[in-house]
Amino acid sequence: MARAKLKNSPSESNSHVKTVPPATTEDVHGVSPLLPSRRMGSMGSDVGQRPHAEDFSVDSSFSQVQVEFYVNENTFKERLKLFFIKNQRSSLRIRLFNFSLKLLTCLLYIVRVLLDNPEEGIGCWECEKQNYTAFNQSTNINWSHIFWVDRKTPLWAVQVSIALISFLETMLLIYLSYKGNIWEQIFRISFVLEMINTVPFIITIFWPPLRNLFIPVFLNCWLAKYALENMINDLHRAIQRTQSAMFNQVLILICTLLCLVFTGTCGIQHLERAGEKLSLFKSFYFCIVTFSTVGYGDVTPKIWPSQLLVVIMICVALVVLPLQFEELVYLWMERQKSGGNYSRHRAQTEKHVVLCVSSLKIDLLMDFLNEFYAHPRLQDYYVVILCPTEMDIQVRRVLQIPLWSQRVIYLQGSALKDQDLMRAKMDNGEACFILSSRNEVDRTAADHQTILRAWAVKDFAPNCPLYVQILKPENKFHVKFADHVVCEEECKYAMLALNCVCPATSTLITLLVHTSRGQEGQESPEQWQRMYGRCSGNEVYHIRMGDSKFFMEYEGKSFTYAAFHAHKKYGVCLIGIRREENKSILLNPGPRHIMAASDTCFYINITKEENSAFIFKQEEKQKKKGFAGRGSYDGPSRLPVHSIIASMGTVAMDLQNTECRPANSSKLALPAENGSGTRRPSIAPVLELADTSSLLPCDLLSDQSEDEMTQSDEEGSAVVEYVKGYPPNSPYIGSSPTLCHLLPEKAPFCCLRLDKGCKHNSFEDAKAYGFKNKLIIVSAETAGNGLYNFIVPLRAYYRSRKELNPIVLLLDNKPEHHFLEAICCFPMVYYMEGTIDNLDSLLQCGIIYADNLVVVDKESTMSAEEDYMADAKTIVNVQTMFRLFPSLSIITELTHPSNMRFMQFRAKDSYSLALSKLEKRERENGSNLAFMFRLPFAAGRVFSISMLDTLLYQSFVKDYMITITRLLLGLDTTPGSGYLCAMKITEDDLWIRTYGRLFQKLCSSSAEIPIGIYRTESHMFATSEPHDIRAQDCEDTKDVKEHWGIKTSHHRNSCSSDQSEHPLLRRKSMQWARRLSRKGNKHSSKTAEWISQQRLSLYRRSERQELSELVKNRMKHLGLPTTGYEDVANLTASDVMNRVNLGYLQDEMNDHQNTLSYVLINPPPDTRLELNDIVYLIRSDPLAHVANDGHSRKSSCSNKLGSGNPETRDETQL
């Protein structure tokens, strides 16, 4: 041990003298300056109380004194103890030497046995030898054969030398480890064995006749085992590395077995010298047969001493081995819980990623594994899971499947411990995923744990890429050092906000961030399922333009030109680029962007270009050279791609070279106007370079001036002017600045309360405000900072003022001051306290004037005793609102995606049952999107944030996915980058006919890039009743309508539309209706059916009337006007269908739903457009055109599709 010393001065003469304070005058009275400090302290206090003690004098006779510490370690015994015991490396060497000595003694014993020949005579050394007599059952045991052996003199000399060394070492260790109890040292088993094996050899030095005495040297094997255990412990201390306890226990068990077998072999062989002479091999054979409980009986001990030894050995084995096995099993079970270690050799030769979670659920695990291993280049990666909790039973069962057991390693441990990070080999990992526990009641505490894990991993392995999931946006800046961060509440609220203006945005984004081959639903008989499943395989990929066959021929062309022709020729949708010198990704930079070979192109396709094969038609072979040259592409001479086939990760593209129709022969005729045969002009071609005069962008900074100064005739007052600017207050650090519509002055907090008047206005309900647009209501538990991201996308500068919907926050708890400070600058944003399970709260917040109600998952209900019951209250409340307000579009967030099957639940709907079977079949086929065919998800009416977990996982392969998703959601606004919006296809737009022609029209007129379609279509759902009844109902509907004078719709699906007027027959009345359908002739059958329908209609109408009266009574009780509430009992089939087509109505009042909606991402160019299709667009940034435009444009985005139409149509975007 090191000894600390005080530093000496050069003038010191005595190095062992301690420096003391100057002596006082009291020292002359006999007080020594070297008294203990306690006494000196008391003396000093006494002296300090005397007046004459203040004068101190320095005695020059006193010099500084050096004090040595740990002087007890300077003794000879302590030095020996330091060398033999305390010092790790020297102690390791000594134990290794001791272990070698014991092995050498065992080896010498074997040599002695092999050299021993009893037939040459038996007896003491230099005594007369007795002749060897064979054993006979009738004679007594000749004990001289046991007590005496033949030991050669050289062998005796070596054994004596080893015995002396061992004896001296043992006595020295006894002396050094003595602690006051000598008997404890003497009666230790190791000491006793040492004395047995060494003392007799030492005695033979002084008494030569005993040199042939038998000494059981083979017992040194147990001392070798003991030395090996100590040596391994010292080895671990010396190299500062801890092996697993499992390794130590297995080694001890093996050594115990070897010692038992070796002891039994040598003992039986020696004792049988007095019986039937056995060789060492036969003795070894007997021990193995005996200990393995086989017992052939061909070799057996013949005399009772050897038989007694066998009994003793069996008893010892029955005691020792079970204890060893018990310890081994216990360690094995503990290892199964903790997971052991990840091999360093494997970590250095194989690639692995680490997944850190606070608690691992089976859904989270399967989502991660399915998405991670969906990429071909990740098949050889290992996944190491580091979790502080014990492995769940379901997780254990899954990880035992051979598919995962060879690639997934579970370690129980904490990311805050360096030992556990070392076990996971974090420093060698390719990436570390840190996920938050979203089901915790305290989500802030869950974020704090995630932050600490991220800090710990960054401290331990600074070069390991970090992928962090954070829950609350205010905690995001703590982990900004991570390579990729996904904030759950930011993405969630922005996605829910866009769902209100761009239907099913959540479904669109979810499908984009999931890995799929587009093979889901291809075996389904339903056309919509096959098309929906095929388009769901589209994902975002990237490629350098100079290396791309898709885009390299468009170098030097405009972005919109490249996007249109790449879609027309290859079926790929180019959505954005990234300059080589600029790291920012730009979505649809517009026609002014000229493509360069160094640009990185981001496109949507079934698979990436590297996995695509190009198949040419026979008539095109002579023009293959045109595909290789960059400038030789004759774009306008090719038709759209007709087929995109995804098979085994490779896309085969069928490219045609059919000449396009001339512009004058295009059959894009519009319906005749006023009897004339005039036609709209055909679609203009997309220019290679931007022509400012031909573009009609949505200049949202100039075309709103007219609207903002419009005088309201109904109210007789000027409309409040809005300004565009950046919100002055952000509720948290790290929010991306977004240009928004703002109030000229901040609204007082009292004016933000919707249901209470103040001194500034007396409005107490939504009707009194006189909003022109429908409301958007958000139901949340608390006004968290993430809710700010719901408001910003709906108040972004690129949305025209006429599109701004009032936002009402229905909060369970009162919002805090800092949140009100952040939202008071936005126009038409209000809040009130209430819950969705309270009808009065819903009516006061203006639900009858709302188009969209967003139900946000509450933090207090995210955890339940039964996992999947967390959504029970939300689902039941939403079903109740569907019944009360059928014209309301409700967007629901659930905790568990599997619970979406309970939305719009019908117990006897055979179509829902068929969808459930389809989901199970797709899950068995290994689909990552088995839930995609559920109607609420396909329509964008339900959403779970866990669906976006794949965004973080996919960013390991595609590092740009988080950035693109945030740009699409409006969370980030990069200058020059476009934004996501939507437009509706009306009857006036059907002349375009196909999606490919719409692509051309948008690119040529307004430089917008369509990326998908949201389609709502009528559907005749199968019911549990016979099909003939349903078909007859559809036929007889016409007579019923003629009798009641209902105007029928001329929609192409009029049969199913008319069907929606007649509710499904109830169970009790269905048998009666079936009997009526079988009796009488056709006319009498129709009459009976008509009577049945009227009775059932009255019965059903009474149920609807009860709901209507309930709502109206509550409104009257609250003093609210009832004029705005539409009695759903008076809605005709045409009204219902129109509302469904507008996306407003989920027809829950009927027992069978007659419409379905779904998303088509990047459909083929020849896809037919249908009425009420909603097209997703990436619109270029309006600010990018402001500097180049010299005048204010009065044209709106609404007339871009009808550029040749003399009449101006209404706006088509939502």
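Let me start with a term: on a 1 Å grid over the protein atoms alone, a cavity is a set of points where a 1.4 Å probe fits but cannot get out, and its lining residues have an atom within 4 Å of a point. Grid points are joined across faces, edges and corners, and the volume is the space filled by probe spheres set on the points.

Hello everyone! This is a predicted model, where local features need pLDDT of at least 70 and side-chain atom pairs count only at pLDDT 80 or more, while totals for chains, interfaces and linings use all residues. Residues are numbered from 1 along each chain as its sequence is written, and side-chain values use heavy atoms, with hydrogens and water left out.

First, the overall picture. The chain has 39 helices and 25 strands; these are DSSP runs numbered from the N terminus, with helices being H or I of at least four residues and strands E of at least two. Of the 1214 residues, 53% are buried. Buried means under 20% relative accessible area, exposed means over 50%, and partly exposed is in between, using a 1.4 Å probe and protein chains only.

Now, how many cavities of 30 Å³ or more does a search of the whole structure find? There are 17. The second largest cavity has a volume of about 130 Å³. Its lining has 16 residues, and the closest to the centre are Glu489, Tyr493, Thr782, Asp857 and Glu859. By type, the lining divides into 5 nonpolar, 3 polar and 8 charged residues. Here Ala, Val, Leu, Ile, Met, Phe, Trp, Tyr, Cys and Pro count as nonpolar, Asp, Glu, Lys and Arg as charged, and the others, Gly among them, as polar. Helix α18, residues 488-501, gives the largest share of that lining, with 3 residues.

Next, the cores. A nonpolar core is a set of buried Ala, Val, Leu, Ile, Met, Phe, Trp, Tyr and Cys residues joined through side-chain atoms within 4.5 Å. The largest one has 207 residues, and Phe433, Phe551 and Phe790 have the most contacts inside it. Helix α18 turns up again, giving this core its largest share, 9 residues. A second, separate core has 27 residues, including Ala415 and Val485.

Let's look at Phe433. Contact means heavy atoms within 4.5 Å. Leaving aside neighbours within four places in sequence, Phe433 is in contact with residues including Val353, Leu355, Tyr467 and Phe956.

Strand β1 is joined by 5 bridges to β2, residues 382-387, and the two run parallel; strands pair if DSSP finds at least two bridges between them.

Tyr467, another partner of Phe433, has His484 in β6 as its bridge partner. Strands β5 (residues 466-470) and β6 run parallel, with 4 bridges.

Arg993 has a phi of about 75° and sits in the loop between β22 (979-984) and α33 (995-1005). Ala1007 has a phi near 55° and lies in the loop between α33 and β23. Which of the two is buried, and which is partly exposed? Ala1007 is buried, at 3% relative accessible area, whereas Arg993 is partly exposed at 23%.

Methods. 1 Å grid on protein atoms, 1.4 Å probe; cavity = no way out; pocket = protein on both sides within 12 Å on 5 of 7 lines; lining within 4 Å.
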